[in-house]
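Please walk through this model with the viewer open, starting from a set of charged side chains and moving on to the sheet and the helices.

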Amino acid sequence: MTEAPIPETASETAVPQGADLIRDEARRAPDKPGVYRMYGEDGTCLYVGKARSIKKRILQYAQGRFHTQRIGLMVSLTRSMELVITASETEALLLESSFIKQLKPRFNVVLRDDKSFAELMIRKDHRAPQVRKHRGAHTTPGDYFGPFASTWAVNRTLNTLQKAFLLRSCSDSVYESRTRPCMLHQIKRCSAPCTGLISLEDYAGLVDEASAFLKGKSRAVIARLSEEMSAAAEAMDYEQAARVRDRIRALSAISMENSVSADGVAEADVFALFSEGGQACVQVFFYRGGQNWGGRAYFPRVDKTDTDPEILAAFLGQFYEDKPIPRLILSNVRPHELELLEEAFSMKAERKVEIANPRRGDKLALVDHALTNAREALGRKMAEGSAQGKILDEVCEAFGLEGRPERIEIYDNAHIQGTNAVGGMVVAGPEGFQKSQYRKFNIRGEDLTPGDDYGMMREVMRRRFSRLVKDEDAGEEVVRPDLLLIDGGAGQLAEVLAVLADLGLDDITAVGVAKGPDRDAGKEHFFMPGKPPFMLPMKSPALYYIQRLRDEAHRFANGAHRTRRSMDIKKNPLDEIEGVGPGRKKALLHAFGSAKGVGRASVADLVKVDGINQPLAERIHGFFHPEGRG
């Protein structure tokens, strides 16, 4: 008689998850400050949190008493946790912000579309300091001024500095090689220190004036220039007086346009949060040296259960994770754990940082101005979202999609007689164009006939969707497009469908968009598999929307093509010759004027150039005259 095998108990086989897993983690968790991360089934991060005591905080999740259904859902989806101990709760706050920005967890307030801001930099590691735009870390010695909220704002200020202080903006290599003043000097935007038209001592004085102006001392600078203009006029040096007058006008214009009436606000960032209907907008303005250097509206990902203080606290932590922090931060909402935020920011900036919620006076006026902008920006976004949703519903109906498309990819190719061919991919969705998702494909198929549009489209599709399949196989989080719009007719569409079928992606809807007769907008023909070509009604919002998508793809592809073509034009044939480095290249160009001149030179002429021996001269000559080789 044999005994039946004893079945394994549930406790021996079951893997703890949800509240049970969190409870198990809490037993081993330290009673110390730190950061905890919760992960779901597929390894994606669900939530990042910080606590003064990790053990006590995560035990609260294990007890099953949740304030909201959302937290309960988060706990139920948790399959693993990671804990990081920090020296203090302040360090935990900074680390939490860094993790949220990096991982973008589903259940956190997440700052989206966080792009870096431009700054102005006056370099101090050269005898004639240069002024230029700058982004990124402060690795070059110099004075940095910013942030500027838009490229337009920093360009305008840079132009003003050139007009008013005549500082150079050229690179060091251009500076060293100048033998006569450049065009900027001729249009009175540079004092030409490169050719000695101004002494280095006088140029240093201009640099000091520019720094003072950017630090908010515009009145003192303008007053000094006014005295200089008067002195020149009294000396009857009217040309000099006119030049100084033009500098004063440039400074006065930007000072009046950007000036703010806020006593004591020399340096501050102003935030205003407005939330409605489960959506939120945070408007930020930058004030430096008594001037408004622009602002930007953000729309963080929030949940309707998040409170305004929690949203603003999370936003500020992520916003300053990679940006310099001013001495004063003004806001219309007192952020959650304000004192802890101030301590964390002060530690990071290595000086005192104050977060204030003004109730009266000029500072309140600045916050109210930001709040008005936040309210209007969110209203516009919600209105656009509603209209966009209706348009996407029409697109869904026109092409027989199962649901409203969340991701639309639009493709177009650009080339001139097959040269410098580039494929462009533009991405759009419910929130408009997603420019961070745009991609360009330099067409490099050696077997393609120049101008083969079908072959170009085939290569773009194969590269794009082979990568998608590879990423999916590797377990990475990939968003498949709901709709492909192809610039072209039945031929281009057939190539796309063939590639998708080869990769097992034939469930993705693809539509060819062919321009109408005489390329008239509104007379486009649409091609789909199994259907005859069709048109959309002339006044259809879906048709206008598709025209916008196609035009954006065309613009992007053409821009990428122009960039590639200009880079190709700038290539020097000498770069392709083995043994000709930067020094010898410079010597050859100096001797013969251009690469074409080098090509016309004989071996005997080439040997006369410093650094060019007989074998190298023969190699250079052979490169330009291949018919004479061998």
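**From salt bridges to packing**

In this predicted model, a network of salt bridges links Asp24, Glu25, Arg27 and Arg28. One of the pairs is Asp24 with Arg27, whose side chains meet at 3.1 Å, N to O. Both residues belong to helix α2, which covers residues 18–28, and because they are three residues apart there, about one helical turn separates them. Arg27, at 59%, counts as exposed.

A second salt bridge joins Lys50 and Glu89, with an N to O distance of 3.4 Å. Lys50 sits in strand β2 (residues 45–51) and Glu89 in helix α5 (residues 89–103), so this pair ties together parts of the chain that are 39 residues apart in sequence. Are these two residues buried or exposed? Lys50 and Glu89 are both buried.

Asp125 counts as partly exposed, with 38% relative accessibility. Arg123, by contrast, is buried at a relative accessible area of 8%. Across the whole structure, the search finds 32 salt bridges.

Strand β4 spans residues 118–123 and runs antiparallel to β5, to which four bridges join it. Within this pairing, Met121 stands opposite Arg132 of β5. The two strands are part of an open sheet of three strands, ordered β5-β4-β6 and paired in antiparallel fashion. Which strands stand at the edges of the sheet? They are β5 (131–134) and β6 (142–148); each has a single partner strand, so one side of each is left without a neighbour in the sheet. From one strand to the next, the twist averages 25°. Helix α9, residues 200–214, packs on this sheet and touches β4 and β6. The direction of α9 makes about 150° with that of β4.

The next step is helix packing. Two packed helices are described by the angle between their axes and by the distance between those axes. Helix α5, which holds Glu89, packs with helix α12 (residues 308–319) at an angle of about 85°, and the two axes are 8 Å apart. Angles from 65 to 115 degrees count as roughly perpendicular, and α5 and α12 are therefore roughly perpendicular to each other. Which residues meet where the two helices pack? On the α5 side they are Ser97, Ile100 and Lys101, and on the α12 side Gly317, Gln318 and Phe319.

The remaining values describe the protein as a whole. Its secondary structure comes to 21 helices and 18 strands. Of its 630 residues, 44% count as buried. Among contacts between residues at least 6 apart in sequence, 61% join residues that are at least 24 apart. The protein exposes about 33,400 Å², and carbon and sulfur atoms supply 50% of that area.

Definitions and conventions: Residues numbered from 1 in each chain as written. Predicted model: local features only at pLDDT ≥ 70, side-chain atom pairs only at ≥ 80, totals over all residues. Heavy atoms only, no water. Pairing = 2+ DSSP bridges. Axes fitted to C-alpha atoms, helices over the stretch in contact; angles between N-to-C directions. Contact = heavy atoms within 4.5 Å. Buried < 20%, exposed > 50% of the residue type's maximum accessible area, 1.4 Å probe, protein only. Areas by Shrake-Rupley, 256 points an atom, 1.4 Å probe, with all protein chains shown as cover. Salt bridge = Lys/Arg side-chain N within 4 Å of Asp/Glu carboxyl O. Parallel < 35°, antiparallel > 145°, perpendicular 65-115°, else oblique.
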